[in-house]
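The following paragraphs go through strands, a helix and aromatic contacts in turn. Please keep the sequence and the coordinates open while reading.

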Amino acid sequence: HALTASSNVMDWWPGLFGSDCLYNEKEHYIICANIIGSPYGSTMPSSLEFPQFSARDIVQSQLALAAQLGIERIHTCIGGSFGGNQAVEFAYSFKGEIEHLVLVASCAKESPWGVAIHEGQRLALKADPTFGTSEGGKAGMKAARAFAMISYRSAQAFDIKQTDTEEKLDDFRASSYIQYQGDKFVNRFNAISYYYLSKCLDTHDIGRKRGGVRKALSTINTNCLVISITSDFLIPRHQQVVLAAHIPNATFVEIDSDYGHDGFLVEVKQIDAAIRVFYQEQAT
């Protein structure tokens with residue numbers, strides 16, 4: 001059986017994927033395709049003349065890969081956040097059999113709230129006068145990443161991890177954390193890719209030209225687990241409820257976490273447990 005995953009999960013979803021994890025290379029053939037527009041592959045945009053692409057375009061490239069590999073049956077299609085958005089789109093369009101679909105902190109359609117956050121990030125990118133050149137835009141990207149980090153984590157998470165133990169007037173822990181995350185991201189990513197991928201996020205809509213979200217979801221005939229994070233305000237609970245309510249064979253699980261949207265990366269033990277229960281229930 002093939003197991004599809006929508007990003008480089010072996011590197012950044014540790015605890016769920018890995019040698020001693022639920023999803024390991026000994027038991028599963030794990031396919032993790034690079035997405036269009038990523039700075040890690042051949043489709044990295046080098047200028048603002050790169051054509052705009054959609055979430056559906058990315059999934060079409062994944063479907064083409066599956067066809068090239070001759071894959072007709074998939075044990076589990078899984079994704080978190082935008083990866084989950086791709087997974088539901090893939091499940092809608094794949095002509096073979098998908099035994100299990102696992103959607104974590106994802107949605108059927110990008111929300112106005114999400115689009116607004118992405119537009120704020122793009123404004124930060126464009127405020128950098130070097131943005132648009134192949135190696136430029138780093139200051140803008142750092143500011144855009146700071147904007148993103150605030151939406152990924154919850155206020156509770158900042159209280160837990162970034163509260164200062166000393167009385168200060170400057171150099172707060174939260175400030176240092178945002179600076180660190182911005183520098184870390186700049187060193188591994190590309191500003192033009194960030195711009196185009198944020199535009200791509202906005203296009204996600206499983207129901208576009210398919211009769212709407214409810215109708216499109218109702219055609220996904222696979223056993224599905226929808227996992228929501230209690231403190232996630234980027235893709236909040238009600239958006240996961242839409243997935244679970246309209247995918248016919250869906251199970252909804254809510255994970256308690258203070259880590260906001262990033263809970264899908266942090267709370268791997270809870271996610272692992274929920275998936276194992278899901279598999280057991282499907283086997284009975």
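**Strands, a helix and ring pairs**

Cysteine 77 has leucine 101 in E4 as its bridge partner. Helices (H or I, at least four residues) and strands (E, at least two) are DSSP runs, numbered from the N terminus. This is a predicted model, in which local features need pLDDT of at least 70, side-chain atom pairs count only at pLDDT 80 or more, and totals for chains, interfaces and linings use all residues. Residues are numbered from 1 along each chain as its sequence is written, and side-chain values use heavy atoms, with hydrogens and water left out.

E3 and E4 are paired in the parallel sense over seven bridges; two strands pair if DSSP finds at least two bridges between them. E4 also pairs with E5, again in the parallel sense, over five bridges, and here valine 102 stands opposite leucine 225 in E5. E5 in turn runs parallel to E6, joined by six bridges, with valine 226 facing its bridge partner phenylalanine 252 in E6. Seven of the eight residues of E4 are buried, as are six of the seven residues of E5. Buried means under 20% relative accessible area, exposed over 50%, and partly exposed in between (1.4 Å probe, protein chains only).

Helix H12 (residues 268–283) packs against these strands. Its buried residues are in contact (heavy atoms within 4.5 Å) with strand E3 (73–80), strand E4 (97–104), strand E5 (223–229), strand E6 (250–255) and helix H11 (263–266). The buried residues of H12 are Val268, Ile271, Asp272, Ala274, Ile275, Phe278 and Tyr279. They cover an arc of only 165 degrees around the axis, which puts them on the same side of H12; the arc is that of the directions from the helix axis to the C-beta atoms. An α-helix has 3.6 residues a turn, so residues three or four places apart point the same way. Lys269 and Gln280, on the other side of H12, are exposed. The 16 residues of H12 should span 22 Å at 1.5 Å a residue, and the end C-alpha atoms are 22 Å apart, which agrees. The expected span is 1.5 Å times one less than the number of residues.

Next come the aromatic side chains. Rings of Phe, Tyr and Trp (its six-membered ring) pair if their centres lie within 6.5 Å; planes under 30 degrees apart count as stacked, over 60 as edge-to-face and the rest as tilted. By this rule the count comes to 16 aromatic pairs. In one of them, the rings of phenylalanine 17 and tyrosine 23 have centres 4.9 Å apart and planes at 40 degrees, so the pair is tilted. Phenylalanine 17 is buried at a relative accessible area of 2%, and tyrosine 23 is buried at 0%. The rings of phenylalanine 158 and tyrosine 177 have centres 5.8 Å apart and planes at 85 degrees, so this pair is edge-to-face. Phenylalanine 158 lies in helix H6 (residues 155–162) and tyrosine 177 in helix H7 (residues 173–186), so the pair ties together parts that are 19 residues apart in sequence. One aromatic cluster is formed by Phe50, Phe53, Phe131, Tyr195 and Tyr196.

Serine 193 is placed in helix H8 (residues 191–202). Serine 193 counts as buried, at 0% relative accessibility. Leaving out residues up to four places away in sequence, serine 193 touches Gly37, Ser38, Pro39, Met44 and Pro45.
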